[in-house]
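Hi everyone, thanks for making time for this. Let me put the sequence and the structure up on the screen, and then we can walk through a few spots together.

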Amino acid sequence: DFAPEIVLVSAGFDAAAGHAAPLGGYKVSAACFGFMTQQLMQLAGGKVILSLEGGYDLPAICDASQECVRALLGDEIATLSEEELRRPPCQNAVDTLQKTIAIQIPHWPCIKRHAHTVSYSAIEAAQKEKEEAETVTAMAGLSMQQRAAAAGGPQGAQNSSSPNSASGHIPSSPSEGSEEPMDQDEVK
């Protein structure tokens with residue numbers, strides 16, 4: 001929603017696998033750092049600057065930096081392991097994200113869409129997003145069929161069990177007589 005012109009990242013690798021808790025303990029792989037960088041490249045026309053600022057395990061810093069540079073160059077990055085994709089985030093990360101969301105959500109309503117997924121693994125979050133997209137598509141399809149029937153479209157005679165077709169009443173507002181949750185949200 002913000003559509004930044006450039007993205008600046010304070011790229012600390014304390015969360016890299018290899019750092020012991022409490023300094024780190026997040027177990028983020030070098031591949032995951034590359035993946036996150038690749039995702040950031042979708043913003044600001046790919047204008048992303050990473051500034052190394054932390055991390056104290058030299059092999060972890062080297063591996064993570066290498067994957068980030070690969071992503072910045074548009075090269076192929078390492079594949080995330082199945083284990084990492086299935087692992088839920090550590091509780092410290094969830095707590096920090098929840099606090100950040102609580103502060104930012106009044107300013108950035110788009111955050112609300114994913115706020116409930118902060119404790120999910122990557123696979124769980126992707127599955128949830130897929131299910132929600134399928135639900136929205138199905139609801140939109142139903143809505144279009146009801147409107148076509150109410151307007152006397154080709155399915156009008158066959159679809160007389162619609163809540164509005166029996167009385168011949170066509171709602172004058174999106175929420176009047178509508179059972180579509182999305183229509184009701186628009187009115188609110």
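How far is the sulfur of Cys68 from the closest cysteine sulfur? It is 9.6 Å away from that sulfur, which belongs to Cys32, and that is too far for a bond.

Before I go on, a quick word on the ground rules. This is a predicted model, so local features need pLDDT of at least 70 and side-chain atom pairs count only at pLDDT 80 or more, while totals for chains, interfaces and linings use all residues. Residues are numbered from 1 along each chain as its sequence is written, and side-chain values use heavy atoms, with hydrogens and water left out.

Back to Cys68. With 4% relative accessibility, Cys68 counts as buried; buried means under 20% relative accessible area, exposed over 50%, and partly exposed in between, with a 1.4 Å probe and protein chains only. Cys62, by contrast, has 42% and counts as partly exposed. Setting aside residues up to four places away in sequence, Cys68 touches Phe13, Phe33, Gly34, Thr37 and Leu50, with contact taken as heavy atoms within 4.5 Å.

Cys68 also belongs to the largest nonpolar core, which has twelve residues, among them Phe13, Cys32, Phe33 and Leu80. By nonpolar core I mean a set of buried Ala, Val, Leu, Ile, Met, Phe, Trp, Tyr and Cys residues joined through side-chain atoms within 4.5 Å. Two elements give two or more residues to this core, α1 (30–40) and α2 (58–73), and α2 brings the largest share, four residues. Helices here are DSSP runs of H or I with at least four residues, strands are runs of E with at least two, and both are numbered from the N terminus. As background, nonpolar side chains in soluble globular proteins tend to be buried together.

Now for the charged pairs. How many salt bridges does a search of the whole structure find? The search finds four, each a side-chain nitrogen of Lys or Arg within 4 Å of a carboxyl oxygen of Asp or Glu.

One of them joins the side chains of Glu67 and Arg70, at 2.9 Å from N to O. Both residues sit in helix α2, three residues apart, about one turn of the helix. Glu67 is buried at 7%, whereas Arg70 is partly exposed at 31%.

Another pairs Glu84 with Arg87 at 3.5 Å, N to O. Glu84 is buried at 12%, and Arg87 is partly exposed at 29%. The side chain of Glu84 also makes a polar contact with the side chain of Ser29, at 2.4 Å. For a polar contact, I need a pair of N or O atoms within 3.5 Å; within protein, one must be able to donate a hydrogen and the other to accept it, and residues adjacent in sequence count only if both atoms are side-chain atoms. Ser29 lies in the loop between β1 (7–12) and α1, and at 18% this serine counts as buried.

Last stop, Ser121, in the loop between α4 and α5. Is Ser121 buried or exposed? Ser121 counts as buried, at 2%. Beyond neighbours within four places in sequence, Ser121 is in contact with Leu85, Arg86, Arg87, Pro88 and Pro89. That brings us back to Arg87, the salt-bridge partner of Glu84.

Conventions: Disulfide = S-S within 2.5 Å.
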